[in-house]
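Q: I would like to learn how to read a structure such as this one. Could you take me through it feature by feature?

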Amino acid sequence: MTAVHLAALVKRYGATTALNGLSLTARRSEVTAILGPNGAGKTTAVEICAGFRRADGGTVRVLDLDPVADARALKPRVGVMPQSGGVPVSARAGEFLRLIASFYAHPVSPAALLERLGLADHARTSYRRLSGGQQQRLSLAAAIVGRPELVFLDEPTAGLDPQARHATWELIEELREAGVAVVLTTHHMDEAERLADRVFIVDHGRVVAHGSPGELTGAERQLRFRARAGLGLDELLAALPAGSAAKESPAGHYLIEGEVRPELLATVTTWCASHGVLAEDLRIERRTLEDVFLELTGRELRG
Ligand SMILES: Nc1ncnc2c1ncn2[C@@H]1O[C@H](COP(=O)(O)OP(=O)(O)OP(=O)(O)O)[C@@H](O)[C@H]1O
């Protein structure tokens, strides 16, 4: 079932076009990741879905409603974790979460949620005195305490330590199991790969590719190794099957693309042996979303 439908969304801030025809769909019981570099338009898209901003063009439907015109009807059904907190700085964590819970008919127990997110010892701490990671987790708790059908999480794990990051991932997976539609933004491709059923790769305000992580990265494998910089690859390339590619990037890091079969591995190692090259860290791996992004845009995701 469709929870969010965005079609040809346009948003301008003065001379800046933040969204330039962005289209995406998110479904219930799925995690949908909007993956893109800084400034790609992810936050703007979430803010429009949350009814915080109006689009300049295109269609926005959230649970089949209009986020601005139907804001009252959507409020009890949608949770939002904005990028910049959204919590009054003097509010104490526990009191704030109980207040938010009181707005909903069937909230989760605030105390249990604080415990779950490792904030139980900070229930009496004011928001401004929480660490960045604790503030993030309180903001996440506030987004989900009302048992929403749909949640928007804007960079939910930004600034979290690995333990808190994993706890957040597990919570997100449980939301999906419970039938919630989760839409999250991230510029961590590992987060999208681990969590998302569908990924929308966004760049310059539009979707440049979408699909499940497996669809996006494909079945293709690639072979990588490290060796001394500046190996002449023409001769190796000539020995490889047609359609293969070999490149050095950055210096001393080699990548062989194409159909990685046993013969290809043998060709590479034989070539290395005959040139006195010790191929270190030789490995065959699947393409990552980072590779896909690089291919599509010519830039690194986190660049
Ligand atoms: N209120 C605003 N006024 C002017 N320009 C803005 C405003 N908000 C965002 N922008 C610009 O719009 C573009 C998209 O920004 P947005 O915050 O939506 O991207 P993002 O993908 O969420 O980036 P990040 O990962 O850094 O949060 C950027 O060029 C940004 O500078």
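**Reading the fold and the ligand shell**

A: Let us begin with contacts, where two residues count as touching if their C-beta atoms, placed from the backbone, lie within 7 Å. In the protein, residues 24 or more positions apart account for 68% of the contacts with a separation of 6 or more. This is a predicted model, in which local features need pLDDT of at least 70 and side-chain atom pairs count only at pLDDT 80 or more, while totals for chains, interfaces and linings use all residues. Residues are numbered from 1 along each chain as its sequence is written.

Q: How many helices and strands does the protein have?

A: Helices (H or I, at least four residues) and strands (E, at least two) are DSSP runs, numbered from the N terminus. The protein has eleven helices and 13 strands.

Q: What share of the protein counts as buried?

A: A residue is buried if 20 or more other C-beta atoms lie within 10 Å of its own, exposed if 12 or fewer, and partly exposed in between, with C-beta atoms placed from the backbone. Of the 303 residues of the protein, 37% count as buried.

Q: Why is helix α1 largely enclosed by the rest of the structure?

A: Helix α1 (residues 42-49) is largely enclosed because eight of its eight residues are buried, among them K42 and E47. After α1 comes G51, whose phi is positive, near 80°.

Q: Which element gives the largest share of the shell around the ligand?

A: That share, three residues, comes from α1, and β2 (16-27) and α1 each supply at least two residues of the shell.
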